[in-house]
Amino acid sequence: MIFNKTYDHWRLPEELAKVLKICRSCEPSPRYGIDQIHIEANTFVATDGQRLLVIEQKHDIREGCYFITGDNWLLNSVEAKFPFWRDIVPEVKKLKSLFKSHRSPADFSIVVAKLIAVKVAFDLTLFYPVFLAINSDDLTDFEVFVHKKDTSTSFFIVKANCDLGKITYIQMPAKWDCDA
């Protein structure tokens, strides 16, 4: 993956910027810079509070929080504080593997059926755009994990390898308004 740098500003490749923009919040938070992306050594992180996307991909971009412009330039945000995302990502060995595919691309209907079968309460409108972005022809591994004991009130995790890098995607359970 090629990262362009001009006048001390980095520009992300279109496909990487697209999936990061999907998972970051569109609204600023008073506590955290979730309307931005967080960059660490060879890692990109985005969250909107309901889902977390971590992409491991080699790069030389300085660590920090960044706004992504409409044409994918990174603007450094000096004051932003990003959530402690590493505390959110559980160890895979504590989870149950629900679906695994080594073929490219993975079948979305099978993934959704498996999540529904174990009663995972998830918002399909949050998951589908991310699935489309990472489910490319060069997908080599795709695995879905759920909590071993309580799937209906817990998150699910997708681990994948594709041209974007090594992906970890976590989505929290949907909150349904039963009074509406």
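Let's start with a pair of helices: the axes of H2 (residues 108–117) and H3 (residues 124–134) come within 12 Å and cross at roughly 145°. Here an axis is a line fitted to C-alpha atoms over the stretch in contact, and angles run from 0 to 180 degrees between N-to-C directions. Helices (H or I, at least four residues) and strands (E, at least two) are DSSP runs, numbered from the N terminus.

This is a predicted model, in which local features need pLDDT of at least 70 and side-chain atom pairs count only at pLDDT 80 or more, while totals for chains, interfaces and linings use all residues. Residues are numbered from 1 along each chain as its sequence is written, and side-chain values use heavy atoms, with hydrogens and water left out.

Which residues of H2 and H3 meet? Phe108, Val111 and Val112 in H2 are in contact (heavy atoms within 4.5 Å) with Leu124, Phe127, Tyr128 and Phe131 in H3. By class, this contact has seven nonpolar residues, no polar ones and no charged ones. Ala, Val, Leu, Ile, Met, Phe, Trp, Tyr, Cys and Pro count as nonpolar, Asp, Glu, Lys and Arg as charged, and the others, Gly among them, as polar.

## A covered strand

Now look at strand E4 (residues 43–47): is it mostly covered or uncovered? Five of its five residues are buried, meaning under 20% relative accessible area with a 1.4 Å probe, protein chains only. In a regular strand the side chains alternate between the two faces of the sheet. In E4, Thr43, Val45 and Thr47 lie on one side, Phe44 and Ala46 on the other, and all are buried.

## Its two partners

Strands pair if DSSP finds at least two bridges between them. E4 pairs with E3 (residues 37–40) in the antiparallel sense over three bridges, and Ile39 stands opposite Phe44. The two strands form a hairpin with two residues between them, where Asn42 in the turn has a positive phi of about 55°.

On to strand E5 (residues 51–56), which runs antiparallel to E4 and is joined to it by five bridges. Leu53 in E5 is the bridge partner of Ala46. This hairpin has three residues between the strands, and Gly49 takes a positive phi near 95°.

## The whole protein

Stepping back, the protein has three helices and eleven strands. Its C-alpha trace spans about 50 × 40 × 30 Å along the principal axes. Buried residues make up 48% of the 180 residues. Among contacts between residues at least 6 apart in sequence, 61% join residues at least 24 apart.

Note on methods: Buried < 20%, exposed > 50% of the residue type's maximum accessible area, 1.4 Å probe, protein only.
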